[in-house]
Amino acid sequence: QGAVYLSEREENFRDILEERRKSSDLRHAVRTFNPSPYRGVPPSSVSVLNRTVLESQYLRYVMMQMAKESKEPLDVIREEAAEILEEMSHNLQLGYIRFLSFILSKVFKRLFRRIVVNENGLQRLQQAIQETPVILMPNHRSYVDFLVISYILFTYDIPIPVIAAGIPLMGMTLVGEILRRSGAFFIRRAIGTNKLYWAVLSEYMKTLVRTGFAPIEFYVEGLRSRTLKSLPPKLGMMHMVLEPFFKGEVYDISLMPITVSYDRVVEESLLAYELLGVPKPKESTMGLVKARKIMDEDYGTMHVVFGHPVSVRNLAKGKVNRRQFNLVPRDLPMRPSEDIQAFVNTTAHLVLHLLEENMVLSPWSLMATILMQNLEGMELNVLTQQTLWLKGLVTSFGAHLDWPARVFCVVSSSISLHHSVVRSDAGRVVLVEEQAPVGEGPEEAVFRRAVTVLMCASYRNQAIHVLAQPAMLAVALHIAATSARENIFRMFRFLQDLFYSEFIFIPDREGQDFEDACSLLKNYGAVQIINQDITVTKNGEATISFLRAILEPFIDAYQVAFRHLCGDTANSFTEKQFLSSIRSSALSLLLSGMVTFYRLHLLQMSKGVTLNHEILMS
């Protein structure tokens, strides 16, 4: 394996903003839009789609069952279902797509230097849409994600997707309705045990798939990643969109991974504060207006990579017994069997793996990785040397890099772009900190320092998928009792089990992951494998030490939580009580100097410190 630079990839990359800077945004918005729909059949109207959902046998069955259980009149339940659908459904209209395209052309040219897309991937998507229902599955790092994907598809005459969005966006005055008419459909965050809501949502999703109304777009991670690291998949919507295939209602479904990579994330400071326990600002039109100051910032380059469509039919061969669905009428609810649940889980992890594979790393991600091991700062020339060394390492591990031709300017330009995180002072690179207010206490000082550390850590996380498995092998080599391959694999598997919610591992592939990690380090010259022994080479000691340090903060954060749990005298407690007590415990450790920010930079704080819920899952 080897890194692939954008200029060397087989994909045909193009900056779509280049043309927008040369020609009229209005002409682009009102030009002829002529997409090729599913099977060449124009989609039905929104009203027909909604009527199909409400009149479906499945929804009728659920409503009748609810009427029997609750003793409520069927008409009352049917009216409630209609209200849920009205709240939820999109109202896609081309006129609003054109309006949004005009606005986004202006906004994107202000925010980004380039928006780079692979045209080969768009051609593959266009072909897939004409042949099968398509599910667009992007990663989720910013609110910009879904806007830019629709913008790109409009630019290339590809059908506009309908997009699963959180219900808070619907409440934004004017903006919510614009989003609905641009293809968004809105889903409540807390559905709980609302049987009718689940039934309406499920039937709505399945009807979209069966009819091929439009590509469906949703985030397999469920939420924006506040750490810029992949989150474990949410499987609810995956089950819904795949069910028509399981029941033989469609011949195949294509899953399209779309990887959005940012030089700099628009919400970088907001994400850090959310990790620290500060409540997320409520989505509102006024909040959007107040945030217009971001238009004066430079967010560098965005890369949008459309991957290869994944055929669900091909994936399911030999893994799913679809004949089980012949025993029950298609319209009746059916609990997924174990093999279906396992298949959906594996497929979701596979999509996340493909999203990570297509991530485009910037030089800043590598610099942040180095800086996270040198939080007190380092000389500029040393940072430059180590960044170039790390470039060589991730190159050998197969990373995709967007590396400017003039290497000398890379580090200085990255520091300039990320001035909110880092600065160069008299030849020394240090993390930026807000000026301490008068009378600041020690807890407030910890909080202020943590903001910048978390921002830097998040950018490091953009590259961590490349380093995670070699890092686990490096740790396994260190903690295994002997150099025997069997012992090292046992430790490697333990680390995968421990960090199953931290990093993305395709289920039941521990052996292959171990072999891949061994191959990467062997090819780099960091380890040697003789017979059944794996040992570190003399030239590989520095590399292994660096990789071990990648995982140390994760290990230490877990240890703090586990020790706290073991020392807690309470026999039982709620999650809220645990979070409150771990805040105090971790803050005490930081203030006493027993641990450092490097060790616990993954902790989030709220007038104290608490473990990020994305981390403490095992």
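Modeller: Residues are numbered from 1 along each chain as its sequence is written, and side-chain values use heavy atoms, with hydrogens and water left out. In this predicted model, local features need pLDDT of at least 70 and side-chain atom pairs count only at pLDDT 80 or more, while totals for chains, interfaces and linings use all residues.

Biologist: How far apart are the end C-alpha atoms of helix 20?

Modeller: Helices are DSSP runs of H or I with at least four residues, numbered from the N terminus. The expected span is 1.5 Å times one less than the number of residues. Helix 20 has 20 residues (442-461), so it should span 28 Å, and the distance between its end C-alpha atoms agrees: 28 Å.

Biologist: Is Cys518 buried or exposed?

Modeller: Buried means under 20% relative accessible area, exposed over 50%, and partly exposed in between, with a 1.4 Å probe and protein chains only. Cys409, at 25% relative accessibility, therefore counts as partly exposed. Cys518 has a relative accessibility of 2%, so it counts as buried.

Biologist: How many disulfides are there by this rule?

Modeller: A disulfide is a covalent bond between the sulfur atoms of two cysteines. The rule used here requires a pair of cysteine sulfur atoms within 2.5 Å. By this rule, the number of disulfides is zero.

Conventions. Helices (H or I, at least four residues) and strands (E, at least two) are DSSP runs, numbered from the N terminus.
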